[in-house]
Amino acid sequence: MLSFGIKGDIQTASQFVDNLKLVSNLPNVGDVKTLVIHPDSTSHSRLTAEEQLKSGVTPDLICD
């Protein structure tokens, strides 16, 4: 698994994921396909900003 931050805000990170061509943008990281996720706008979007930070999710985080 690979995760990294991207310069910019939540819109920049989400747009980065949406523009990828070789991976699927899906919140299910348990699949055998190569997937990518922006947790702030998908899997952790129902958490408050404080809860996200406590769980290690930042607005710029991209995970593979």
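Visitor: What share of the contacts in the protein with a separation of 6 or more comes from residues 24 or more positions apart?

Guide: Welcome! This is a predicted model, in which local features need pLDDT of at least 70 and side-chain atom pairs count only at pLDDT 80 or more, while totals for chains, interfaces and linings use all residues. Residues are numbered from 1 along each chain as its sequence is written, and side-chain values use heavy atoms, with hydrogens and water left out. Contact means that heavy atoms lie within 4.5 Å, and of the contacts with a separation of 6 or more, the share from residues 24 or more positions apart is 49%.

Visitor: In what order do the elements of the protein run from the N terminus on?

Guide: Helices (H or I, at least four residues) and strands (E, at least two) are DSSP runs, numbered from the N terminus. The protein has 2 helices and 4 strands. Reading from the N terminus, their order is β-α-β-β-α-β.

Visitor: How much of the accessible surface belongs to carbon and sulfur atoms?

Guide: Accessible areas come from the Shrake-Rupley method with a 1.4 Å probe, and for residues only the protein chains shown count as cover. The surface of the protein comes to about 4,500 Å². The part that belongs to carbon and sulfur atoms is 54%.

Visitor: Which residues make up the largest nonpolar core?

Guide: In soluble globular proteins, nonpolar side chains tend to be buried together. A nonpolar core is a set of buried Ala, Val, Leu, Ile, Met, Phe, Trp, Tyr and Cys residues joined through side-chain atoms within 4.5 Å. One member here, Ile6, touches Ala13, Phe16, Asp60 and Ile62, not counting residues up to four places away in sequence. The 5 residues of the largest core are Ile6, Ala13, Val17, Val36 and Ile62.

Visitor: Which backbone oxygen does the side chain of His38 reach?

Guide: Look in the loop between β3 (35-36) and α2 (49-54) for His38, which is buried because its relative accessible area is 1%. A polar contact is a pair of N or O atoms within 3.5 Å; within protein, one must be able to donate a hydrogen and the other to accept it, and residues adjacent in sequence count only if both atoms are side-chain atoms. The side chain of His38 makes such a contact with the side chain of Ser41 at 2.7 Å. At 2.8 Å, the His38 side chain also reaches the backbone oxygen of Pro59.

Visitor: How far is the C-alpha atom of Cys63 from that of His38?

Guide: Cys63 sits in strand β4 (residues 61-63) and is buried, with a relative accessible area of 10%. Cys63 and His38 are 25 residues apart along the chain. Their C-alpha atoms are separated by 6.5 Å.

Visitor: Which side chain makes a polar contact with the side chain of Asp9?

Guide: Asp9 lies in the loop between β1 (3-5) and α1 (10-18), and at 40% relative accessibility it counts as partly exposed. Pro59 is 50 residues away along the chain, with 6.4 Å between the C-alpha atoms of the two. At 3.0 Å, the polar contact of the Asp9 side chain is with the side chain of Thr12.

Visitor: Is Gln52 buried or exposed?

Guide: Gln52 belongs to helix α2, and its side chain reaches the backbone oxygen of His44 at 2.6 Å. Beyond its neighbours within four places in sequence, its contacts include Asp40, Leu47 and Val57. Because its relative accessibility is 6%, Gln52 counts as buried.

Visitor: Which side chains meet in a salt bridge?

Guide: Side chains of opposite charge can pair when their charged atoms come close. A salt bridge is a side-chain nitrogen of Lys or Arg within 4 Å of a carboxyl oxygen of Asp or Glu, and the count comes to 1. With 3.4 Å from N to O, the partners are Glu50 and Lys54.

Conventions:
Buried < 20%, exposed > 50% of the residue type's maximum accessible area, 1.4 Å probe, protein only.
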